[in-house]
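Trainee: I would like a close look at a single part of this protein. Please walk me through it step by step.

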Amino acid sequence: MVAVDVLEDLQKFLSKKMTTYSGQDVSGDDIHCFTGYLPRVQTAAIKEKLCPAVVVGYSGVMDRTDESIVSVVISVVTRDPDMLYGAYGMFHLLEYIRCSLLEANPVCDKYDVKNGTMETSVPDDQPYPQWWGRIDFEVHIPQPARINPFLLGGPEHGRK
C-alpha cells in the first residue's frame, strides 16, 4: 500500500458519496471527483463545467519507525455568483465530506482517519464566482517492508 492507493480509494469512496449528495442537492449538479489535481483546461467555460468538484490529494508522506503517515488534502470547489450566500454550497459540501469520513472511519474499512488530525479551512481570498475550501487529515499506513530486488526486476537483479 502506497500513498496513491490511499488517494484513489478515498476518491472512489467520495465519488459514491457525491452521487448520493447530488441526488439530494437542489441544484442537481453532478459533483466531479478527482485524484491529485483538477484537470488543466484551456478555457473558462470548460473550467466552469468542472464545478462543483472534489479533489483528493496529499501534501506529503512522513515515514516513522513502524508506520507511514499520509497527509491527505481534500479540496472542494464550487461555483455560485451569489455574492452574499454563494459560499454556502461549498460550506455544506465540506461539512458533508467531513461527516462522511468520520462516520465511515476506518474509511474503506482500511484507512483510519486519526482522531484530532482533521482540520477544515476556507481561505479569505476566494476566486469569485468560485468558492473553495479544504479538509486536511492524516491517514496512517503500514511502513513499507524491505523487498527482495529479485522480485522487483527479475533474475538479473539481486545477484551478486
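This is a predicted model: local features need pLDDT of at least 70, side-chain atom pairs count only at pLDDT 80 or more; totals for chains, interfaces and linings use all residues.

Mentor: Ser100 is found in helix H3, which covers residues 88-103. The relative accessibility of Ser100 is 4%. The cut-off for buried is under 20%, so Ser100 counts as buried. Buried residues make up 33% of the 160 residues in the protein.

Next, look at the side chain. The side chain of Ser100 reaches the backbone oxygen of Tyr96, at 2.8 Å. Now set aside the neighbours within four places in sequence. Ser100 is then in contact with Phe13 and Lys17.

Step back to the whole fold. The protein has four helices and five strands. Read along the sequence, their pattern is α-β-α-β-β-α-β-β-α. Take the contacts between residues at least 6 apart in sequence: 57% of them join residues at least 24 apart. The accessible surface comes to about 10100 Å². Carbon and sulfur atoms hold 52% of that surface.

Finish with the largest pocket. Its volume is about 370 Å³. The lining of this pocket has 19 residues. Leu38, Val55, Ser75, Val77 and Trp132 lie nearest the pocket's centre. Strands E2 (53-63), E3 (67-79) and E5 (130-142) are the elements that each give two or more residues to this lining. By class, the lining has eleven nonpolar, five polar and three charged residues.

Definitions and conventions: Residues are numbered from 1 along each chain as its sequence is written. Side-chain values use heavy atoms; hydrogens and water are left out. Buried means under 20% relative accessible area, exposed over 50%, partly exposed in between (1.4 Å probe, protein chains only). A polar contact is a pair of N or O atoms within 3.5 Å; within protein, one must be able to donate a hydrogen and the other to accept it, and residues adjacent in sequence count only if both atoms are side-chain atoms. Contact means heavy atoms within 4.5 Å. On a 1 Å grid over the protein atoms alone, a cavity is a set of points where a 1.4 Å probe fits but cannot get out, and a pocket is an open set with protein on both sides within 12 Å along at least five of seven lines; lining residues have an atom within 4 Å of a point. Grid points are joined across faces, edges and corners, and a volume is the space filled by probe spheres set on the points. Ala, Val, Leu, Ile, Met, Phe, Trp, Tyr, Cys and Pro count as nonpolar, Asp, Glu, Lys and Arg as charged, and the others, Gly among them, as polar. Accessible areas come from the Shrake-Rupley method with a 1.4 Å probe; for residues, only the protein chains shown count as cover.
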